[in-house]
Amino acid sequence: MLHDQLARDLYTEICRLPLIDPHTHIDPRRPTARNLDDILGYHYYTELAHSAGMDKEVLTSESDPRERVRAIMYHMARFDNTAQYEWFMEIIRAFLGFEGERVTLADCTWLCDRAEHIMAQPDWEDQILRRSNLEHVFLTSDFDDPLTGFNTGRYVPCLRTDDLVFHLDKPEVLKRLEKATQLDDVKDLRALREALRKLFDHFTRHGAKACAISLPPEFSPEPVSPADMAKDRKAFSRGVFWMLAETCRDFDLPFDLMIGVNRRVYEHGVHQGQDLFDQQTSLIQYAKLFNAFPEVTFCVSVLSSGQNQELASYSWIFPNVVTHGHWWYSNIPAYIEPDLRARLQAVPKTKQLGYYSDAYKLEFVLPKFNMYRRTLAQILADDFIRPRAASEVQAVELARLLLRDNARRIFNV
Amino acid sequence: MLHDQLARDLYTEICRLPLIDPHTHIDPRRPTARNLDDILGYHYYTELAHSAGMDKEVLTSESDPRERVRAIMYHMARFDNTAQYEWFMEIIRAFLGFEGERVTLADCTWLCDRAEHIMAQPDWEDQILRRSNLEHVFLTSDFDDPLTGFNTGRYVPCLRTDDLVFHLDKPEVLKRLEKATQLDDVKDLRALREALRKLFDHFTRHGAKACAISLPPEFSPEPVSPADMAKDRKAFSRGVFWMLAETCRDFDLPFDLMIGVNRRVYEHGVHQGQDLFDQQTSLIQYAKLFNAFPEVTFCVSVLSSGQNQELASYSWIFPNVVTHGHWWYSNIPAYIEPDLRARLQAVPKTKQLGYYSDAYKLEFVLPKFNMYRRTLAQILADDFIRPRAASEVQAVELARLLLRDNARRIFNV
Amino acid sequence: MLHDQLARDLYTEICRLPLIDPHTHIDPRRPTARNLDDILGYHYYTELAHSAGMDKEVLTSESDPRERVRAIMYHMARFDNTAQYEWFMEIIRAFLGFEGERVTLADCTWLCDRAEHIMAQPDWEDQILRRSNLEHVFLTSDFDDPLTGFNTGRYVPCLRTDDLVFHLDKPEVLKRLEKATQLDDVKDLRALREALRKLFDHFTRHGAKACAISLPPEFSPEPVSPADMAKDRKAFSRGVFWMLAETCRDFDLPFDLMIGVNRRVYEHGVHQGQDLFDQQTSLIQYAKLFNAFPEVTFCVSVLSSGQNQELASYSWIFPNVVTHGHWWYSNIPAYIEPDLRARLQAVPKTKQLGYYSDAYKLEFVLPKFNMYRRTLAQILADDFIRPRAASEVQAVELARLLLRDNARRIFNV
C-alpha cells in the first residue's frame, strides 16, 4: 500500500485504466488457476522455496498437490520478505478473500479449499479479466500452435521463435516445423524461408501481433551467408534470426527481443528456475540489426537493471527501438523504480511499453501490474506532479500511454 | 521546481554562486542563439523528434527554419515527458517570458517572433552571461583554431584532440596540422612531437586551460613503440594519445578524458544524434596512464551511470584523477542523483568538478545547471543537512567547490 | 542521524540486537587501537588523505606518529564530505567524548592525548565489545597462524587462502606451508591435498568457521587436471581453488568468496590503498563451482554495486549461495541502499548475511555497523512498515536475521 496520499490517489486513478498485457505465458485454453497448486507452482515460488531449502522431490508430478502446497507455504516463511510473497498475499486477498496480516502454514487448508471452490466457478475467467481490467492478453505461442479454440481478440497470439533460432538442429523441432508448414522437406535455406513465411502467414491470419524471442547475453545478430550458416551452429542461429527480422519486415510485425538470459545455469534447479544472466552484455551487439531494419519496431526487454541505461539511450536515439516492460530479475520495485525513472526522463513517452506480467495464469496479472502501478504512481507524484512538470490529469494520461495506448498503436490491436 | 522547502532554500543560495562551465561547445564568435531554430537545432531536440517519428528531411539546410521549428515542436508533444523538454520550458520561461504551463504548436509563431526580437538585442550575450551568473566558459577548440577574435578570459580555449588521435591518417587532417604548425612535412614521430608542442605552445599562450578528448569504450592507452605505431592504425592512435599525455605533463595542462562513446552507431541518425555507448568498458584500461603521469590531472567523464562507481573509486584512490560532470546519456536527474550521491560520499570534495553544460549556445547553460543544482540541493538537504553532517552554510560551501572553486584551482583560471 | 522518526525508532531497536561481525581483519592479540595513529592509520584515511594531496612520506614507520596524525587530519578538511569522515566523527564522539560539530586540526592534540589515555585502560577491549554489542568477531587468519593466545569463542578464526591459491609458487609461501603442516616436501598435488587437509584440520579444531578468499574480476574457477595445473600459473591457481572447495565440502565449512578485486592498480598508492576493481566481471564465471558443490555454502561479496543484481539473483536461485555484506567500494550508503533494497525484495531472508565491518581495529565496528543500521532502518520503514508489508516487530526480527541469526546458523557459531 502506498503511504503517500498523492501517489495513492494517482494509483487509484491509474488502476481505472484498462490494460493491455503485451507479454504473458498464459495458456488461452486454460487461462486461470484451478487450485492453489496452480498458483504456487509458478516458478517464482518453487525456485524461492527450493533456494530456501525445499527439496525438489515434492515438485514431481507424483506428489500430492496439497502436500506440494504445504511444502512451499512452509518454506514461504523464509521468503516472506520478497516481492513474490507480496504478489501471493495480493492474490489471496483479492481473489480468495483472505483477511489476515500474514499467511502461515495454518492457513493452508482453508486457502486450498477456498481456491478450489472459487476457481471452479464457471465464469471465473471472466471475473478475473473484469476485476483485472484486462482488455487484451498477449500469448507466447509455439510456432506450431494451431491458434484455434480460443478468442484471438482477447488472447492475442505472438509467434515465439526461440525453437526456430536455437533448436532447429534437433530432428523433433524440424519435424514440428515441417508438419506445421506442410512442407515435406525443410532442407535448405530456400525451404526454410518458405517455412517461415508460411508460419507468419498462419499467425497473422489468426490475429498475431508480434514475433518474440529470448536471447542469450552474447548473442550478436548479423547477416550470415548461406555458406557460413551451413558451417557452424552459432552462425546458423544468427542467420535464422536475421531471416526472422526480414519476415517481420515483410509481414509488418513488431519483433519482441528479450535480451540477456543464459539457460540452465543452475543445472539442478527447479523447472524454469535454472536460468540466470550475465551482466556483461551490450545493446551495441544489436546496432547492425536496428540499422538494417528501420521498418521493424523492436520491443526490447533487458534482464539486468545495469543495461537499462543502454535501453533508454537506444530508444532515445533509434526510431525503431521501444522499451518493453521490466523483465524477470529486474521485475522488483528496487529495480523498476530507477529503470522507470530513467525511461520517463529520457525516452519519448510514445515509445514506452510500460509493463507486462509474464504470467502463466491470469491471477498473476493483477498483483504484478499493481506492483508496477504503485511504483509508477510514486514516480509520477515525485518527478512530475510535485515539481509542477505535469498536472494530475497529464500524469494519468502518461500512465495511459504506458499501460494501454502505446501497446494498441505499436502492436496494432 | 523543488517541492521540499529546505532543498528549495538551498537551491536559491546555490544559484547565487558564480559559475565556471568547464566544458562546452560554444562558438565564442557567435555564442548565443539568434532564433528558436538555433535552440531547437540542438541535437537533443532533433534526435528526440526524429526518434519520435519526425522525418530527417526537415533538418537539411534547404528547409525553412520556421518549418523546422514547427516540425520539432509538433513532435515535442511526444517527448514532453523528458528532461530535455524541461530545459526548453526553462529557456522560454526565463529568456522569452513564456508564461504557459505547457508549450504547444499553437505557441510556435509567438515564440519564434519573440526569440528573434529578444536575441537580436546588441547586449544579448552579456544579458545571458549575467543572468546565468557565468564567469568562465570553457570551449572545445579545434587544434587549428587561431584563438583570436574573442575574449579568452571569458571564453577559455581547450585543445580538442580527437582529430589528432583518431584521424591523422586522413590527408586533410594532416594538412590542417601542417598548416596550423607551419611545419612542412609531419611525416615521422619526431615531427609529430614537434607539431604537438607547437600546438600546445600556441594554445597555452592564448589562455588554454585544458587538453580534451572523447574516447571509445574499448580504448586502452599504453606507450607504443615507433615501430608498432607504424604498423597499425589503433596502435598509432594509442601512441599519439600517449604523446599528448606527455605534452600535457610538459605544459602543465589537465587532460579531460570523456570515456565511452561509440561514434555513428545509428547510421541514419540526425547530425550528432548517431552516437551511443557500450556499457562493457572499464577504467582499468586507464590504470597504466594514471600511473605513468602522476603530474597530470585527468578530469574524467564517463558515459554510463554504471561506470560511475569506478570513477568515484578511481578518484578516491588516484591523486591525479578527478570526477568531471554528468555526461550526455547520464545527464538526466535519474542518473545524476545516484552518481552524485556516490561521489559526495566517497570522493574528496576538492576532487570533484561538479557539472558542465556541454552546450552549443549560451542559452542552455542556465537550464542545464539548474537541473544539476536542484539535484545537488536535494542531496545536500537529505544526505548532509538533515542527518546533521553539515550546516546549511557548509553545504553551500561544498556546492561552491563543485560549481566554481575546484575548477578555478584545477584548471588554474 | 536519521531525520525520519519511524526510521529512528527502528534504528534504536536494531541497535539493541547483539552483533556477529562475520568478516574483519582484527588482530585478536591486539584487537583495539592504542592511539589516534592506530585509528587514522586505517587505509581508508591514508588513501583519502594521499588522494587529496598528502605526501606518502609521512606514512613510513620512521615518521613521528603524532606528525602522521596531524598530516592526515590536515588533509581531512578536504574529505570531510565522505562516509569515512563520518566514521571518524562517530568514533571520537562515542569513544573519546568529542563534542564539536566538526573536527579540525586544532583538535588534534586534545584528541591524541585523550585517545592515549582512554585506550590505555586495561578493560578497553571489553568496554568496546560491550558498547558495540559484539558477540563474535570473525578473523582473517593466515594459514600458518597457530590460533593460540586468544579466545577463539569471541574471535572466530577463518582460514584465509589467497596465499595458497595465488602465491604458492613463491618459495617463502611454500616454506610457510611446509612448516605449518609439518610436511617435508609439498611437491606434488597429493602432498598439497594432504597439506590442505592438515590446515583445515588445524583450523576447525581451533574453532574456525569459514574458509575465505578474495578473487580478481577475471577469475573463473573450474576443475583442472594435474597435467594442466603443472603447465601454467593461472591453471594452478584454479586447481588449488577447486581443491579448497573440495576440502570445504569435506570439512563442512562455508566458503567466503570476495569477488572482484584487482591488486596493485595504483602502483604508488599507500599500503592497502592500491587496489581497485573492474566492473566487467560476472557471477556466470562461478556457475560451475556453485553447481559442483551443492553441499558448500558460498558467502559471496561483490565489489561493484552493478554486480549486486547478479548476486541477488544467484542467491535467489542457488540454494548454496548467500549474500554477504557490502564490501569496500560498495560500502557507502549511496550503494548500500539500492543493493540492500534489492536483496530484501528478491532474496530469501534466511540467505542474507547483512553486514561485516572489515575492520582492523575494534573501534571501527560500531560506526560502520551504525552506517549500515541506519540504512537498514530507513529501508525497513519505507519498504516494509509504511506499505504495511510488515509490523515494526517483524521488521526488527528481519534485522535480527541479517545481523545475527543467519550468521549463527550459516557459520554454526
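Look through the whole structure and you find 84 aromatic pairs over all chains, a pair being rings of Phe, Tyr and Trp (its six-membered ring) with centres within 6.5 Å. This is a predicted model, where local features need pLDDT of at least 70, side-chain atom pairs count only at pLDDT 80 or more, and totals for chains, interfaces and linings use all residues. Residues are numbered from 1 along each chain as its sequence is written, chains are lettered from A and ligands numbered from 1 in the order in which they are written, and side-chain values use heavy atoms, leaving out hydrogens and water.

**Rings around A:F364**

- A:Y42 and A:F364 have ring centres 4.5 Å apart and planes at 50 degrees, so they make a tilted pair (stacked is under 30 degrees, edge-to-face over 60, tilted the rest).
- These two sit 322 residues apart in the chain.
- A:F364 is buried at 1% relative accessibility (buried means under 20% relative accessible area, with a 1.4 Å probe and protein chains only).
- A:Y45 and A:F364 are tilted too, with centres 6.1 Å apart and planes at 35 degrees.
- Ring pairs tie a cluster together, including A:Y42, A:Y45, A:F364 and C:W316.

**Where chain A meets chain C**

- Here 42 residues of chain A touch 40 residues of chain C (contact means heavy atoms within 4.5 Å).
- The rule finds two salt bridges across this interface (a side-chain nitrogen of Lys or Arg within 4 Å of a carboxyl oxygen of Asp or Glu).
- C:K349 forms a salt bridge with A:D80, their closest N and O atoms being 2.8 Å apart.

How values were computed:
Helix = DSSP H or I, 4+ residues; strand = E, 2+ residues; numbered from the N terminus. Buried < 20%, exposed > 50% of the residue type's maximum accessible area, 1.4 Å probe, protein only.
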